[in-house]
Amino acid sequence: MCVVASPMKEALAHRTAAAGAAAAAAAADTQTGCPALKGDSQLTPFIILTGGSRSAATVALQVITHQTEKMIKNGHHHHQVNTAAGKDAGSTPGTAACSPEKRRRRIRVWCDGCYDMVHYGHSNQLRQAKAMGDYLIVGVHTDSEIAKHKGPPVFTQAERYKMVRAIKWVDEVVEGAPYVTTLQTLDKYNCDFCVHGDDITLTVDGKDTYEEVKKSGRYRECKRTQGVSTTDLVGRMLLMTKAHHSNIDSSDYQQHTDNFGKKGHSPWTGVSQFLQTSQKIIQFASGQEPQPGDTIIYVAGAFDLFHIGHVDFLEAVHKLAEKPYIIVGLHFDQEVNRYKGKNYPIMNVHERTLSVLACRYVSEVVIGAPFAVTKDLLDHFKVDLVCHGKTEIYPDKDGSDPYAEPRREGILRTVDSVNSLTTDAIVQRIIKNRLLFEARNQKKEANEIAVIQAMKRQEEEKTKERAQAVL
């Protein structure tokens with residue numbers, strides 16, 4: 001059995017939200033003389049005719065606009081973003097003459113970080129940040145800055161820049177962003193505020209990297225995604241455990257957390273179990289169905305530790321058609337372990353689903369796709385093209401070719417992404433630098449514990465002061 005991560009109801013909700021946004025934009029254009037904001041131009045507008053007075057129509061418009069903005073903030077508005085660095089989505093021809101009263105000002109949001117071993121936790125942070133504004137700029141630190149403050153990164157800065165650009169909620173990437181976030185940086189990129197998770201980031205000397213922007217009131221917080229961290233992923237690779245697989249008993253997972261997570265002395269570095277929900281899938285899914293003229297392309301695999309090799313492959317597949325609709329079939333954990341062995345997959349199928357859905361080149365994900373690409377599958381999704389990289393094609397359980405049917409139909413294409421990076425290679429990077437990564441994690445956790453203790457002491461002192469004031 002496989003599950004498709006794009007419910008029809010969600011698709012309908014997206015179309016409803018899009019139509020409402022178009023109506024509001026069109027009406028605003030008519031009544032205020034102000035052009036519709038960039039980013040809404042691809043929506044099909046419709047006109048609402050009422051028998052009431054002009055003031056009544058204006059009130060109706062305000063209600064529609066308010067409801068639409070709420071839906072947009074909650075993620076029910078899917079649109080393509082321009083990833084060209086430096087392009088400002090906040091200005092369009094003709095809007096300069098509009099007064100602030102006649103158009104809503106675009107909110108520019110800043111995020112920054114290492115984004116090393118990018119996973120769905122990073123993507124979820126950026127999704128939440130984008131929902132707080134209109135245009136998201138992400139600053140990524142250099143290798144030298146990360147090595148200075150945290151320890152050696154797993155991926156190079158060039159790899160990390162490209163990974164962040166591939167996340168669909170990101171509008172612009174700033175390479176070599178400073179490790180400490182300052183008001184000068186926010187002002188330089190015309191950002192209203194910055195967003196970070198509800199954990200803490202420290203410099204090499206133990207200072208909060210967001211202290212300055214917090215004091216100035218230009219800091220917003222989003223919820224950290226439970227159940228995943230770079231620390232946890234590194235631990236899975238080093239311990240060679242299968243405890244993270246979706247079909248493993250919870251007692252085995254507890255052993256994993258005890259071994260690597262130190263039972264969570266720090267709530268930010270400790271290991272916790274990821275629990276998938278339908279709401280999380282809906283938040284990540286585009287909700288869009290294939291449209292007339294789309295080329296439906298199917299790819300399948302583990303897509304484990306979703307990395308730059310996967311991104312380059314999907315980008316190459318995306319370029320094969322003018323209007324591509326890419327469906328990614330993800331194999332269940334047991335299937336991946338059958339053909340990959342060891343402790344693969346490093347990420348379970350629920351985690352891999354979110355990682356792939358966050359990629360801007362992906363339209364749809366099939367959760368638990370069959371290993372063999374059958375005629376039934378091709379007919380069900382009306383597939384025009386099946387693609388596979390230059391990596392090895394593993395045989396099915398009976399030794400047969402899983403791509404026999406698309407070969408027979410003449411729709412199988414081998415795509416060269418010109419990137420030889422594999423999940424195996426990433427694991428080898430970790431193992432090679434095991435001592436350095438373990439030392440990095442221990443240092444990180446020690447600093448976090450020190451901060452937690454200091455915060456606890458401050459809170460106790462405040463409590464005593466309040467008690468004395470009452471007496």
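The model is predicted.

Start with the cavities. The structure holds 5 of 30 Å³ or more. Select Met117, Val118, Phe155, Leu305 and Phe306, which lie nearest its centre among the 14 lining residues. By class, that lining divides into 9 nonpolar, 2 polar and 3 charged residues. Now select helix H5 (residues 157–165), which supplies the largest share of the lining, 3 residues.

Keep Met117 selected and turn to the largest nonpolar core, which has 70 residues. Helix H11 (residues 308–318) gives the most to the core, 6 residues. Apart from this core lies another, of 16 residues, including Ile296, Ala300, Tyr403 and Leu412.

Centre on valine 138. Beyond its neighbours within four places in sequence, its contacts are Cys111, Tyr115, Leu126, Val164, Val170, Glu172, Val173 and Val174.

Next, select threonine 182, in the loop between strand S4 (172–175) and helix H6 (183–188). Leaving out residues up to four places away in sequence, threonine 182 touches Glu212 and Val213. Arginine 218 is 36 residues from threonine 182 in sequence, with 10.0 Å between their C-alpha atoms.

Finish at helix H16 (residues 423–432), where Thr423, Ile426, Val427 and Ile430 are buried. Look down the axis of H16: the buried residues fall within an arc of 100 degrees, so they line one face of the helix.

Methods:
Residues numbered from 1 in each chain as written. Predicted model: local features only at pLDDT ≥ 70, side-chain atom pairs only at ≥ 80, totals over all residues. Heavy atoms only, no water. Buried < 20%, exposed > 50% of the residue type's maximum accessible area, 1.4 Å probe, protein only. Helix = DSSP H or I, 4+ residues; strand = E, 2+ residues; numbered from the N terminus. Arc of directions from axis to C-beta. Contact = heavy atoms within 4.5 Å. Core = buried A, V, L, I, M, F, W, Y, C linked by side-chain atoms within 4.5 Å. 1 Å grid on protein atoms, 1.4 Å probe; cavity = no way out; pocket = protein on both sides within 12 Å on 5 of 7 lines; lining within 4 Å. Points joined across faces, edges and corners; volume = space filled by probe spheres on them. Nonpolar A, V, L, I, M, F, W, Y, C, P; charged D, E, K, R; others polar.
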